[in-house]
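Here is a guided walk through one protein model, written for someone who likes to follow along on the screen. Please open the view below and keep it beside the text.

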Amino acid sequence: MTYDCIIVGGGPAGLNAALVLGRARKSVLVIDAEEPRNRVTRHSHGFLTRDGITPHEFRRVAKEQIEAYPNVTFTTDTAISAGGADGDFSITTEKGTTYHSKKLLLAIGKRDLKLPIDGLAEVYGKSAFVCPYCDGWELRDQKLVVIVSHDKALHMAKTLSGWSRDFTICTNGDEKLTEQDREELNKHNISVFDTRISEIKSIGGMVESVHLEDGTMIPCTGIFFAPELGIGSDLPQLLDCESSEDGTIVVDKFGKTSVPGVYSAGDSATQMYQLIMAASMGSLAAVGINSELLAEAWEQSW
């Protein structure tokens with residue numbers, strides 16, 4: 001069977017695309033390993049009607065609703081290779097199955113690279129987060145530590161100030177913060193530590209303090225940090241999709257990549273990492289894919 005579209009990735013982008021394409025009467029296969037990056041998070045926020053939902057429950061409800069469209073199929077597997085061209089793509093999975101489709105949607109997300117600080121993995125998703133818009137409300141007015149590089153320190157400070165004014169910045173050994181930025185932060189009574197972090201102390205995933213290599217101990221009840229991310233799959237490279245330096249796939253407003261017939265949506269195609277953003281990108285990509293399929297069918301029918 002040749003599907004109209006194979007969607008690689010079953011997060012909010014892939015699921016929303018599957019819903020839109022399913023309702024457009026297109027045959028769709030969703031290949032997903034069911035290991036989402038946000039599985040470490042207890043609750044997801046900022047998505048209207050779903051605020052506070054767990055990542056697992058979000059996916060369960062989404063799949064339950066998509067089941068109303070029998071032309072959408074799910075398989076739990078990992079796509080490891082891709083080939084072909086517009087109209088005849090092939091995807092081979094870890095289990096050794098090869099699938100074919102007219103179009104591809106890469107909703108592969110990003111993956112966390114190794115967390116470089118001792119103790120950070122234990123608090124990630126419990127009391128350490130990456131996005132104030134997603135989790136700032138839960139840490140409002142608390143004593144926080146912000147782990148961020150010099151070039152993002154001032155921006156992060158301004159952003160976080162809407163949720164708490166009691167926070168300390170740790171650049172974790174990055175001493176390139178400009179004097180102008182230091183003065184700006186000092187003017188707002190925000191302390192900056194450049195010494196590398198030796199460890200993060202916590203109990204049951206709840207952070208208690210951040211310890212620096214020079215012996216400094218910073219008490220806190222929450223952390224925000226900027227993670228190092230990599231693209232969630234090698235498929236874009238195998239398909240020769242144009243990407244930015246950090247691996248983000250270059251797309252137009254409908255998710256179309258530089259390769260004809262290949263689309264991308266969600267975290268793999270943006271640096272705006274929010275659940276609702278990923279879902280909306282998936283919807284737009286589905287519209288783009290469906291429009292291409294309809295145009296091709298229209299031309300062939302005459």
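Let's begin at helix 2, whose buried residues are covered by elements that include helix 1 (12–23), strand 2 (28–32), strand 3 (72–76) and helix 8 (275–300). Contact here means heavy atoms within 4.5 Å. Helices (H or I, at least four residues) and strands (E, at least two) are DSSP runs, numbered from the N terminus.

A word on the model itself: it is predicted, so local features need pLDDT of at least 70 and side-chain atom pairs count only at pLDDT 80 or more, while totals for chains, interfaces and linings use all residues. Residues are numbered from 1 along each chain as its sequence is written, and side-chain values use heavy atoms, with hydrogens and water left out.

Helix 2 takes in residues 55–66, and its 12 residues reach 17 Å from first C-alpha to last, close to the 16 Å expected at 1.5 Å a residue. That expected span is 1.5 Å times one less than the number of residues. Which residues of helix 2 are buried? They are Pro55, Phe58, Arg59, Val61, Ala62 and Ile66. Buried means under 20% relative accessible area, with exposed over 50% and partly exposed in between (1.4 Å probe, protein chains only). Seen down the axis of helix 2, its buried residues fall within an arc of 165 degrees, so they line one face of the helix. The arc is that of the directions from the helix axis to the C-beta atoms.

Helix 1 also has 12 residues; they should span 16 Å at 1.5 Å a residue, and the end C-alpha atoms are 16 Å apart, which agrees. Pro12, Ala13, Gly14, Leu15, Ala17, Ala18, Leu21 and Gly22 are the buried residues of helix 1. Their cover includes strand 1, strand 2, helix 2, strand 3, strand 6 and helix 8. After helix 1 comes Arg25, with a positive phi near 70 degrees.

**Strand 6 and its partners**

Two strands pair if DSSP finds at least two bridges between them. Strand 6 (residues 98–106) runs parallel to strand 1 (residues 2–8), and 6 bridges join them; here Tyr3 stands opposite Ser101. With strand 5 (residues 88–93), strand 6 pairs in the antiparallel sense over 4 bridges, and Ile91 has Tyr99 as its bridge partner. Strand 6 also pairs with strand 17 (residues 262–264), in the parallel sense over 3 bridges, where Leu106 stands opposite Ser264.

**The hairpins**

Strand 13 (residues 206–212) has 5 of its 7 residues buried, so it is largely enclosed by the rest of the structure. It is joined to strand 12 (residues 197–203) by 6 bridges, the two running antiparallel, and Ile197 has Leu212 as its bridge partner. Strand 13 pairs with strand 14 (residues 217–219) too, in the antiparallel sense over 3 bridges, with Val210 opposite Ile218.

| Hairpin | Residues between the strands | Glycine in the turn, with positive phi |
|---|---|---|
| Strand 5 and strand 6 | 4 residues | Gly96, about 90 degrees |
| Strand 12 and strand 13 | 2 residues | Gly204, about 60 degrees |
| Strand 13 and strand 14 | 4 residues | Gly215, about 95 degrees |

**A parallel sheet with a helix on it**

In what order do the strands of the open sheet lie? Its 5 strands follow the order 8-15-9-10-11, with parallel pairing. Strand 8 (128–129) and strand 11 (192–193) are the edge strands, each pairing on one side only. Helix 5 (residues 150–160) packs on the sheet, touching strand 9 (144–147), strand 10 (167–170) and strand 15, and its direction makes about 160 degrees with that of strand 10. Axes are lines fitted to C-alpha atoms, for helices over the stretch in contact, and angles run from 0 to 180 degrees between N-to-C directions. Strand 8 and strand 15 (residues 222–225) pair over 2 bridges in the parallel sense, and Ala128 stands opposite Ile223.

**The whole protein**

Stepping back, the protein has 8 helices and 17 strands. Its C-alpha trace spans about 75 × 35 × 35 Å along the principal axes. Of the 302 residues, 48% count as buried. Among contacts between residues at least 6 apart in sequence, 58% join residues at least 24 apart.
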